[in-house]
Amino acid sequence: MIDISDGLAHSLHLLAQESGVGFEIDEPLLPVSTAATQGIPRAELREAILFGGEDYELLFTVPKEAIAVIPPTVRFSVIGNVTEAGVRANGHALPDTGYEH
């Protein structure tokens, strides 16, 4: 588990590196707030979602069979799968880019 305050893509890379795995993300599954869709131009939205910072959400993995037993009071979104190596989104390599301090 890791927070995504430095960006989702960068956090995926950190989690993959520390866990010795990879990730395949399905971009249409990424949750996007109404405020983001109204406040960020459509052409910039993907970059903001994947590479922007200051989001205080947690990124975590669980075995597929554990998803069904997560209590309904826990809000979460399944955004992809753990793979053997690499970090990809919609079948393409996802760069290790994020918020820079």
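Which residue is the bridge partner of Ile25 in strand 4? Select Gly80: Gly80 is that partner.

This is a predicted model, in which local features need pLDDT of at least 70 and side-chain atom pairs count only at pLDDT 80 or more, while totals for chains, interfaces and linings use all residues. Residues are numbered from 1 along each chain as its sequence is written, and side-chain values use heavy atoms, with hydrogens and water left out.

**The sheet**

Helices (H or I, at least four residues) and strands (E, at least two) are DSSP runs, numbered from the N terminus. Two strands count as paired if DSSP finds at least two bridges between them. Display the open sheet of four strands, whose order is 4-2-5-6 and whose pairing is mixed.

Next, select strand 2 (residues 22–25), which runs antiparallel to strand 4 and is joined to strand 4 by four bridges. At Gly22, the bridge partner in strand 4 is Thr83. Strand 2 is also joined to strand 5 by three bridges, and these two strands run parallel.

Select Glu24; Arg88 of strand 5 stands opposite. The side chains of Glu24 and Arg88 form a salt bridge, 3.8 Å from N to O. The term requires a side-chain nitrogen of Lys or Arg within 4 Å of a carboxyl oxygen of Asp or Glu. Arg88 and Glu24 are 64 residues apart and link distant parts of the chain. The whole structure has two salt bridges.

**The largest pocket**

Now select Pro31, Leu58, Leu59, Ser77 and Ile79, which lie nearest the centre of the largest pocket, among 35 lining residues. On a 1 Å grid over the protein atoms alone, a pocket is an open set of points where a 1.4 Å probe fits, with protein on both sides within 12 Å along at least five of seven lines; lining residues have an atom within 4 Å of a point. The volume is about 1200 Å³, taken as the space filled by probe spheres set on the points.

Colour the elements that give two or more residues to this lining: helix 1, strand 2, helix 3 (42–51), strand 3 (58–59), helix 4 (64–67) and strand 4. By class, the lining has 24 nonpolar, six polar and five charged residues.

Definitions and conventions: Nonpolar A, V, L, I, M, F, W, Y, C, P; charged D, E, K, R; others polar.
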